[in-house]
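Please look over the sequence and the 3D structure shown here before reading the notes, and keep both in view as you go.

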Amino acid sequence: MKNLYVGSAGVLWGLDQLSQRGHTETKLDVADLALHNLELFRTRPDYLKVAAYPPPEPRGSSLFLGEAGILLVTWRLVPSDGLADDLHARVRENVSNPADEVFWGAPGSMIAAHAMYRWTKDERWRSAWDELAEALLRRRGEDGLWTQRLYGQEFTSLTTGHGLVGIVQALDTMLDAERNAELNRTSAAILARTAQRDDGLANWPPRPRPDLAGPDGEIRLQWCAGAPGTVTAAAHYLDEDLLLAGAELTWRAGPHGEEKGPNICHGTAGNGYAFLKAFERTGDERWLERARRFAVHALEQVERMPGRYSLFTGGIGTALYAADCLDAHTRYPIMEYV
């Protein structure tokens with residue numbers, strides 16, 4: 001695949017980041033490969049399908065799974081006006097996307113627009129971000145949540161990938177201070193209300209409901225669903241007792257086994273970001289030490305398990321997490337820095 005989430009674009013971005021930060025060297029010409037990857041996608045586009053449901057339209061505007069993410073990485077590695085124009089068109093296509101979440105919808109486009117505005121200072125990216133944000137805020141429900149229309153379903157969600165904390169993270173980038181403070185306050189209240197607490201520990205269901213387990217009976221504890229992702233995405237506005245309770249549960253549960261693996265989406269490294277956020281929030285070195293222990297375990301998992309070459313589900317993301325632990329760097333890839 002060619003996309004940012006599990007494809008070549010994510011691998012190239014990760015290699016470039018590791019190289020820029022002095023953690024690796026590569027003989028690959030990542031800029032040339034990024035251009036080739038974009039050409040391959042346009043010749044033969046591929047889209048990740050979940051549970052046999054087709055992706056929402058427009059598909060190409062997806063940051064994580066469509067052409068938009070591939071364009072963003074390619075522009076970052078080899079900037080050109082043509083790539084910027086193509087990306088701008090893709091970003092604006094998501095204004096009315098019925099999937100209000102970071103993987104397919106407007107919040108992902110806002111992450112891309114914010115990155116381009118930061119890099120170029122071109123006001124059209126600010127205007128695109130504002131257009132997306134206003135449309136997204138208009139679609140927010142009276143309960144403070146967004147309704148997803150995705151994969152043949154309608155639902156509200158709390159998660160980073162498909163719900164509240166991921167959407168708020170995208171809005172946090174450039175929303176005006178007054179509305180941002182109100183958004184953080186109401187979101188913190190929702191997370192306090194929906195948290196499932198027990199003996200100083202806390203977890204969150206993927207959707208606002210009294211049961212932690214999903215339809216498959218699994219209680220998830222990972223970046224994309226559950227306490228690690230909630231702590232990582234909402235660290236700056238989540239009540240501190242809840243942040244620490246979610247991080248402590250993640251520590252006591254231990255690293256994921258081989259079914260989930262070492263990755264940053266639903267594996268050991270992704271869970272470890274909760275410790276980096278707890279360290280950032282409290283300054284307590286114990287959390288940094290815990291993050292580093294998870295990093296060592298995750299790297300061992302990468303060596304032990306079959307190779308998977310992707311940013312979010314493979315070794316590249318795990319290497320970035322290990323680098324973050326060395327540098328005491330607390331920004332989650334793509335969601336917080338591109």
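Predicted model: local features only at pLDDT ≥ 70, side-chain atom pairs only at ≥ 80, totals over all residues.

Residues are numbered from 1 along each chain as its sequence is written, and side-chain values use heavy atoms, with hydrogens and water left out. Helices (H or I, at least four residues) and strands (E, at least two) are DSSP runs, numbered from the N terminus.

- Helix H1 covers residues 8-20, and its 13 residues reach 18 Å from the first C-alpha to the last, close to the 18 Å expected at 1.5 Å a residue; the expected span is 1.5 Å times one less than the number of residues.
- Because 10 of its 13 residues are buried, H1 is largely enclosed by the rest of the structure; buried means under 20% relative accessible area, exposed over 50%, and partly exposed in between (1.4 Å probe, protein chains only).
- The buried residues of H1 are Ala9, Gly10, Val11, Leu12, Trp13, Gly14, Leu15, Asp16, Gln17 and Leu18, and they pack against H2, H3 and helix H13 (315-327), where contact means heavy atoms within 4.5 Å.
- The axes of H1 and H3 come within 9 Å and cross at roughly 35°; axes are lines fitted to C-alpha atoms, for helices over the stretch in contact, and angles run from 0 to 180 degrees between N-to-C directions.
- This crossing of H1 and H3 is left-handed, a term used if the near helix is turned anticlockwise from the far one by less than a right angle, with right-handed used if clockwise.
- Ala9, Leu12, Trp13 and Asp16 of H1 make the contact together with Ile70, Val73 and Leu77 of H3.
- The residues of this contact of H1 with H3 divide into six nonpolar, no polar and one charged; Ala, Val, Leu, Ile, Met, Phe, Trp, Tyr, Cys and Pro count as nonpolar, Asp, Glu, Lys and Arg as charged, and the others, Gly among them, as polar.
- Just after H1, Gly22 takes a positive phi of about 80°.

- Helix H4 (residues 81-92) has 12 residues and spans 17 Å from its first C-alpha to its last, which is close to the 16 Å expected at 1.5 Å a residue.
- Leu83, Ala84, Leu87, His88 and Val91 are buried in H4. They lie on the same side of H4 because they cover an arc of only 135° around the axis, the arc being that of the directions from the helix axis to the C-beta atoms.
- An α-helix has 3.6 residues a turn, so residues three or four places apart point the same way.
- Helices H2 (30-43), H3 (67-77), H5 (106-120) and H6 (123-138) are what the buried residues of H4 pack against.
- The axes of H4 and H5 come within 10 Å and cross at roughly 145°, in a left-handed crossing.
- On the H4 side Ala84, Leu87 and Val91 meet Ser109, Ala112, Ala113 and Met116 of H5, and the residues of this contact comprise six nonpolar, one polar and no charged.

- H10 has 14 residues and reaches 20 Å from its first C-alpha to its last, close to the 20 Å expected at 1.5 Å a residue.
- Buried residues in H10 include Leu242, Leu243, Ala245 and Gly246, and what covers the buried residues of H10 includes helix H8 (177-194), strand E3 (196-198) and helix H12 (285-304).
- The axes of H10 and H11 come within 9 Å and cross at roughly 145°, and H10 passes H11 in a left-handed crossing.
- Gly254, which follows H10, has a positive phi near 80°.

**Two loop residues**

- Ile264 is found in the loop between helix H10 (240-253) and helix H11 (268-282), and it counts as buried because its relative accessibility is 0%.
- Leaving aside neighbours within four places in sequence, Ile264 is in contact with several residues, among them Trp223, Tyr273, Leu311 and Tyr332.
- Leu28 lies in the loop between H1 and H2, and at 47% relative accessibility Leu28 counts as partly exposed.
- Not counting residues up to four places away in sequence, Leu28 touches Leu15 and Leu33.
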